[in-house]
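Here are some notes for a colleague who is opening this model for the first time. Please keep the structure in view while reading the points below.

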Amino acid sequence: MALSIFEQMGPDYRTSFVIANVFSDAEKVFINARNSKWQELGISFYFADVMKDALPIAKRLNADNLFLDSDVGVRRHLTLLEMKSSNHSLDIHVYEEGVGTYRTDLYSGLRRAFLSKAGVGTFFGGCKNTSSIYVCDPIHYCAQFPNANPDNVHRINMPPYEFSQRNLDELSKLFAFELPCIQRPDQCNLYLSSWEIDYEFLRKFTSIEGDNFIKLHPHIRAVKHNLDCKTLGACPPAELAFVHLKAAYKNVNVFSHYSSAAHYAKGSGINFCNLSE
């Protein structure tokens, strides 16, 4: 999403990205990013070994605009308050990072009322220190949060699947993605894990006709059991895998637990099955 927003805004802004070590192979992505077309377009890349170091790095950069994936909760509210107090011209923007951005149930009852009155974000884009939010579906966002100012809700023009199609080669280099050998080009099946792997489903999955692949959740860094299946790694975005598979196979079936990636790729011609239903 962040790269899509950068291309949407244009190269006229001096831009820095802070990559935090919170997903599989994050450091490798950082190294590849420093040799990418985005580096050539003027983005400076920084690496935070732990998440708590990411915002202090951004603070030292003394930027005019800060884009981040969440402004929810007391801890994030205090951090953003500190950043605003040290840089009064700073504008803070939240960008969509999955369908959870539209959730209305993060807080409820008296706790939600109390935190909201104190300026704490109880939904994405709801912190009093946040200037605007960038989402793929502004109409849906405004329907979910009627009190949000529509003027501060901006559309992301190129959602992840379309962005992956447009930047396939560069993103493949960035995330070191290579499609394994194709054996049965008529059909492939892909299982997208959530934060935990559904081993019970995998026992059934490996017997489905076609080439079978597993794409692990980005936060999974190691597995305890033999997956008995070709893996597409944890680091690359699922949408990148979708584009590669759609080009290589006649039929693509994706099994997931209500994945955001499946939501973004609707209308792509890929068959999706929600295992959570």
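1. Glutamate 82 is partly exposed, with a relative accessible area of 45%, where buried means under 20% relative accessible area, exposed means over 50% and partly exposed lies in between (1.4 Å probe, protein chains only). The side chain of glutamate 82 meets that of lysine 59 in a salt bridge at 3.0 Å, N to O, a term for a side-chain nitrogen of Lys or Arg within 4 Å of a carboxyl oxygen of Asp or Glu. Glutamate 82 lies in helix H5 (residues 74-86) and lysine 59 in helix H4 (residues 54-60), so the pair ties together parts that are 23 residues apart in sequence. Helices (H or I, at least four residues) and strands (E, at least two) are DSSP runs, numbered from the N terminus.

2. On provenance, this is a predicted model, in which local features need pLDDT of at least 70 and side-chain atom pairs count only at pLDDT 80 or more, while totals for chains, interfaces and linings use all residues. Residues are numbered from 1 along each chain as its sequence is written, and side-chain values use heavy atoms, with hydrogens and water left out.

3. The structure holds six salt bridges, and another of them joins the side chains of glutamate 7 and lysine 37 at 3.4 Å, N to O. Because glutamate 7 lies in helix H1 (residues 2-9) and lysine 37 in helix H3 (residues 37-40), this pair ties together parts that are 30 residues apart in sequence. Glutamate 7, at 30% relative accessibility, counts as partly exposed, and lysine 37, at 25%, counts as partly exposed too.

4. Five strands form an open sheet in the order E9-E8-E7-E10-E11, with parallel pairing; two strands pair if DSSP finds at least two bridges between them. The edge strands, E9 (230-231) and E11 (271-274), each pair on one side only. Strand E7 (residues 187-192) and strand E8 (residues 211-215) pair over five bridges, and tyrosine 191 stands opposite isoleucine 214 in E8.

5. Asparagine 253, found in strand E10, is buried, with a relative accessible area of 15%. Its side chain makes a polar contact with the side chain of asparagine 189 at 3.0 Å, meaning a pair of N or O atoms within 3.5 Å; within protein, one must be able to donate a hydrogen and the other to accept it, and residues adjacent in sequence count only if both atoms are side-chain atoms.

6. Valine 153, in strand E6 (residues 153-155), is likewise buried, with a relative accessible area of 10%.
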